[in-house]
Amino acid sequence: MKRFVIFVVTLVSAIILVKLDKQEASSYVGQTFQAFYAPDFYDIEGREVFRKLPNDPQLSANYGLVNNGSGSDVKVSQAWRINYSCKPVTIAIIDTGIDRNHPDLKANLWRNRGERGFDSKGRRKEANGIDDDKNGYIDDLFGWDFVDNDNNPEDTHGHGTHVAGIVGAVGGNGIGTSGVCANAKLMVLKYYSARATGKENLRNSVRALRYAIRMRARVINYSGGGSYSSSDERNALKLAERFGIIVVAAAGNGRSNTDWSSYYPASYDLDNIITVASTNYRGELAKTSNYGPRTVDIAAPGEQIYSTLPGGRYGKMTGTSQATPFVTGAVALLLSTYPDLTAAQIKWSLLKSIDPLPARDRRKVLTGGKLNIYRALLISSPKRTYVLRSNATAKKKSKKKTVTAKWFRKKR
Ligand SMILES: [Ca+2]
Ligand SMILES: [Ca+2]
Ligand SMILES: [Ca+2]
């Protein structure tokens with residue numbers, strides 16, 4: 001029916017145009033054609049992906065993704081009009097592991113190239129008991145379990161699988177939900193165990209950080225933290241900064257001002273960390289969220305967020321842990337759209353493009369606002385007039401980018 005309508009409209013336009021000269025007519029028909037055929041969603045090569053929202057049936061269960069009328073979403077459906085595919089960006093999830101058999105995550109797992117394929121004896125590298133890529137970890141195809149020291153970072157907790165789904169659940173596959181980054185490459189780094197001491201968990205999180213840096217993750221999601229600082233952790237984060245890796249970290253759920261009572265990694269004075277507070281479905285700062293106009297950068301939805309859970313399930317979880325992966329997904333989407341952007345430029349774009357929080361919450365975070373992925377993409381564009389043209393054009397032009405940004409410094 002739609003095609004028929006378009007045909008009729010095109011035909012009528014063509015009839016109107018018979019009196020115009022040939023060149024004028026062809027350009028007019030071209031415009032008419034473009035206006036009716038302009039696809040809504042492109043992948044990075046500029047191919048049409050979707051005309052409407054992606055076909056994941058539970059998409060609107062996540063008010064952070066889809067506008068529920070209160071405007072508390074992060075404007076990702078608009079951002080998807082510029083780049084839906086979001087690849088190929090490697091994202092480290094330092095957490096409790098991930099359900100690697102979840103039908104909405106499986107296709108989006110990172111796979112270590114050095115442990116794929118066959119060795120000289122014809123054995124599969126991922127299971128030959130040999131550290132084929134000599135990175136210090138044997139058969140680490142998907143990442144590593146730093147709790148049990150093995151290559152099976154399964155999630156018996158649920159937290160990591162939920163966080164992973166917000167960043168990068170498989171989009172457009174007709175099931176469940178979608179991550180902000182629909183085709184993410186999720187590196188699974190399990191550090192947390194409820195049975196371990198705080199010190200052990202901290203030590204393992206630092207090992208996970210170093211793994212992510214070594215294996216060239218572009219962005220790291222760390223939905224964790226605590227009140228103890230560690231020089232090892234700071235050094236690892238500093239190393240990430242040197243490699244231009246953004247670390248997105250949770251502000252914590254203690255209802256406190258982290259400018260006064262330190263919470264790490266939020267409170268390290270490093271430029272590559274983006275610290276995230278959480279908002280509720282009305283777009284207000286969540287009551288449980290930590291905050292701090294010097295130490296917390298930006299807010300994102302975190303209360304009752306719908307995402308993936310172990311065992312192929314879905315459900316809602318609450319906290320700055322859930323807000324953090326929205327920002328991580330945004331970093332990935334920016335990197336995917338403009339691969340030449342530096343980490344500093346990306347952080348600058350995200351922090352400059354916020355939607356203001358309600359007045360009473362505005363002084364509680366550095367930017368005074370909430371993530372707006374669409375605006376971040378627009379201000380990152382080397383040519384700001386570009387909105388709905390082919391992404392291939394944008395990709396070419398990104399080499400001649402004019403956006404310049406230094407690290408968005410925390411005031412100290
Ligand atoms: Ca290895
Ligand atoms: Ca191996
Ligand atoms: Ca899906």
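Reader: What makes Lys-134 buried or exposed?

Author: This is a predicted model, and Lys-134 has 8 other C-beta atoms within 10 Å in it. The cut-off for exposed is 12 or fewer, so Lys-134 counts as exposed. Lys-134 sits in the loop between β1 and β2.

Reader: What is phi like at Lys-134?

Author: Phi there is near 50°, a positive value in a residue other than glycine. Gln-304 also has a positive phi, about 55°, although it is not a glycine.

Reader: And Gln-304, where is that, and why is it called partly exposed?

Author: Gln-304 is in the loop between β7 and β8 (305-309). With 16 other C-beta atoms within 10 Å, Gln-304 falls between the cut-offs of 12 and 20, so partly exposed is the label.

Reader: How do you know that Arg-100 is buried?

Author: Buried takes 20 or more other C-beta atoms within 10 Å. Arg-100 has 20, so it counts as buried. Arg-100 belongs to the loop between β1 and β2 (143-145).

Reader: Which residues does Arg-100 touch, leaving aside its neighbours within four places in sequence?

Author: Lys-106, Leu-109, Phe-142 and Val-188. Take Phe-142: it is 42 residues from Arg-100 in sequence, yet the two C-alpha atoms are 8.8 Å apart. For the protein as a whole, among contacts between residues at least 6 apart in sequence, 71% join residues at least 24 apart.

Reader: How much of the protein counts as buried?

Author: Of its 412 residues, 50% do. The protein has 10 helices and 11 strands.

Reader: What makes α8 "largely enclosed"?

Author: Count its buried residues: 7 of the 10 in α8 are buried, so the rest of the structure largely encloses this helix. The buried ones are Ala-343, Gln-345, Ile-346, Lys-347, Trp-348, Ser-349 and Leu-350. They pack against β5 (246-250), β6 (273-279), β7 (298-301), α7 (320-337) and α9.

Reader: Why are α8 and α9 called oblique?

Author: The axes of α8 (residues 343-352) and α9 (residues 373-380) cross at roughly 130° and come within 8 Å. Roughly perpendicular stops at 115 degrees and roughly antiparallel needs over 145, so this pair counts as oblique. The crossing of α8 and α9 is right-handed.

Reader: Which residues make that contact between α8 and α9?

Author: From α8, Gln-345, Ser-349, Leu-350 and Lys-352; from α9, Ala-376, Ile-379 and Ser-380. The contact of α8 with α9 divides into 3 nonpolar, 3 polar and 1 charged.

Reader: Then what makes α5 and α6 roughly parallel?

Author: Helix α5 (residues 198-214) and helix α6 (residues 231-242) pack at an angle of about 15°, with their axes 9 Å apart. Anything under 35 degrees counts as roughly parallel, so α5 and α6 qualify. α5 passes α6 in a left-handed crossing. On the α5 side the contact is made by Leu-202, Val-206, Leu-209, Arg-210 and Ile-213, and on the α6 side by Asp-232, Glu-233, Ala-236, Leu-237, Leu-239 and Ala-240. The residues of this contact of α5 with α6 are 8 nonpolar, no polar and 3 charged.

Reader: Which strands does β4 pair with, and in what sense?

Author: β1 (residues 90-95) pairs with β4 in the parallel sense over 4 bridges. β4 and β5 also pair in the parallel sense, over 4 bridges. Val-219 of β4 stands opposite Ile-91, and its bridge partner in β5 is Ile-246.

Methods:
Residues numbered from 1 in each chain as written. Chains lettered and ligands numbered in written order. Predicted model: local features only at pLDDT ≥ 70, side-chain atom pairs only at ≥ 80, totals over all residues. Axes fitted to C-alpha atoms, helices over the stretch in contact; angles between N-to-C directions. Helix = DSSP H or I, 4+ residues; strand = E, 2+ residues; numbered from the N terminus. Parallel < 35°, antiparallel > 145°, perpendicular 65-115°, else oblique. Left-handed = near helix turned anticlockwise from the far one by under 90°. Contact = placed C-beta atoms within 7 Å. Nonpolar A, V, L, I, M, F, W, Y, C, P; charged D, E, K, R; others polar. Pairing = 2+ DSSP bridges.
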